[in-house]
Amino acid sequence: MTHATYTAQQLKHKSIARLKQIYSEIACTVEVADKRCKDGWIRAIADYQSAHPEQFITPASIPLTPIEISFYDHEYYAGDKLIAAIHYDDDLTQPWVVMVNSKEIHRASTNILCHHYICSHYKDRSLPVQEQNATDTNGSTEKEIMCQIFNECEKYGFEILHDGIYNNDVKLGEVGFSGGTWWVVGATEQERVACQSVLVAVWQLAVAQTPRHTELLNRRFEMLTPMNSSIYGSINEFLN
């Protein structure tokens with residue numbers, strides 16, 4: 001059985017309890033001189049990794065997998081470990097940003113330049129280490145939310161940009177999930193409207209912008225009912 005190699009930097013950020021767990025997971029046999037000392041556990045794990053390289057995979061030997069959250073947001077994984085992310089901001093000359101541990105480490109004029117930066121620095125192991133901690137769970141949740149929104153928008157041919165959902169260059173509004181509830185807000189509205197699901201939220205955007213049902217454009221989202229239909233059909237057709 002092979003294990004991922006822990007760098008000295010990674011081990012220093014672990015608690016003694018976690019170091020003991022790692023020691024057990026890799027079946028380390030190096031004796032820990034002082035079990036009360038964090039450095040003792042770190043030294044034992046590092047020595048065991050050096051003595052048995054065949055049992056460990058260095059991070060750079062694991063292929064990177066880019067995941068598109070949206071056109072403007074991407075995450076890079078090595079196996080199930082988050083390595084880096086690419087985000088977009090409003091800088092006129094270098095809007096694409098490489099982020100590690102929520103900190104900017106590189107900025108470029110195009111997405112592909114950021115991609116090359118991540119890949120090259122990951123390969124030569126000069127990329128800062130992304131700490132895998134509780135915040136990653138939040139990141140995974142956000143990724144899942146974006147994937148659900150993307151999947152629903154794809155059914156209608158809608159495009160997700162950094163500031164909302166668009167159809168043929170026309171902004172329809174935004175869909176999100178917070179406080180345990182899905183919500184939708186139209187491009188010309190200020191208040192979020194709670195929805196049963198992401199399916200309902202995106203459907204409401206679709207119905208509200210349908211030319212064949214212009215009377216719906218003047219209704220607030222909370223006034224739309226499951227029986228309101230459009231060229232996209234009624235919501236009941238989707239639910240059944």
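Q: Given that two strands pair if DSSP finds at least two bridges between them, how many residues stand between S3 and S4 in the hairpin that they form?
A: This is a predicted model, in which local features need pLDDT of at least 70 and side-chain atom pairs count only at pLDDT 80 or more, whereas totals for chains, interfaces and linings use all residues. Residues are numbered from 1 along each chain as its sequence is written, and side-chain values use heavy atoms, with hydrogens and water left out. Strand S3 (residues 64-70) pairs with S4 in the antiparallel sense over six bridges, where strands (E, at least two residues) and helices (H or I, at least four) are DSSP runs numbered from the N terminus. In the hairpin formed by S3 and S4, the number of residues between the two strands is two.

Q: Why is strand S4 described as largely enclosed by the rest of the structure?
A: A residue counts as buried under 20% relative accessible area, as exposed over 50%, and as partly exposed in between, with a 1.4 Å probe and protein chains only. Strand S4 (residues 73-78) is largely enclosed because, of its six residues, the number that are buried is five.

Q: How many residues of helix H6 are buried?
A: Helix H6 spans residues 198-208 and is mostly covered. Its buried residues include Val198, Trp203, Gln204 and Ala208. Of the eleven residues of H6, the number buried is eleven.

Q: Which class of aromatic pair do phenylalanine 71 and tyrosine 72 form?
A: Rings of Phe, Tyr and Trp (its six-membered ring) pair if their centres lie within 6.5 Å, with planes under 30 degrees apart counted as stacked, over 60 as edge-to-face and the rest as tilted; by this rule the count comes to eight aromatic pairs. Phenylalanine 71 and tyrosine 72 have a centre-to-centre distance of 5.0 Å and an angle of 85° between the planes, and the pair is therefore edge-to-face.

Q: At what distance from the ring centre does arginine 192 lie over the face of tryptophan 183?
A: A charge sits over a ring if NZ of Lys or CZ of Arg is within 6 Å of the ring centre and within 35 degrees of the ring normal. Arginine 192 lies over the face of tryptophan 183, and the distance from the ring centre is 3.8 Å.

Q: Which strands stand at the edges of the open sheet, each with a single partner strand?
A: Five strands form this open sheet in the order S8-S9-S10-S11-S12, with antiparallel pairing. The twist averages 35° from one strand to the next, where axes are lines fitted to C-alpha atoms, for helices over the stretch in contact, and angles run from 0 to 180 degrees between N-to-C directions. Each edge strand has a single partner, so one side of it is left without a neighbour in the sheet, and these strands are S8 (159-161) and S12 (193-195).

Q: Which residue in S10 does isoleucine 165 stand opposite?
A: S9 and S10 pair in the antiparallel sense over three bridges. Within the loop between S9 (164-167) and S10 (170-178) lies aspartate 169, which has a positive phi of about 70° although it is not a glycine. The residue in S10 opposite isoleucine 165 is glycine 173.

Q: Is glutamine 130 buried or exposed?
A: Glutamine 130 has its place in the loop between helix H4 (111-123) and helix H5 (134-156). A polar atom of its side chain lies 2.8 Å from the backbone nitrogen of asparagine 101. With a relative accessible area of 11%, glutamine 130 is buried.

Note on methods
Polar contact = N/O pair within 3.5 Å; in protein donor to acceptor, adjacent residues only side chain to side chain. Pairing = 2+ DSSP bridges.
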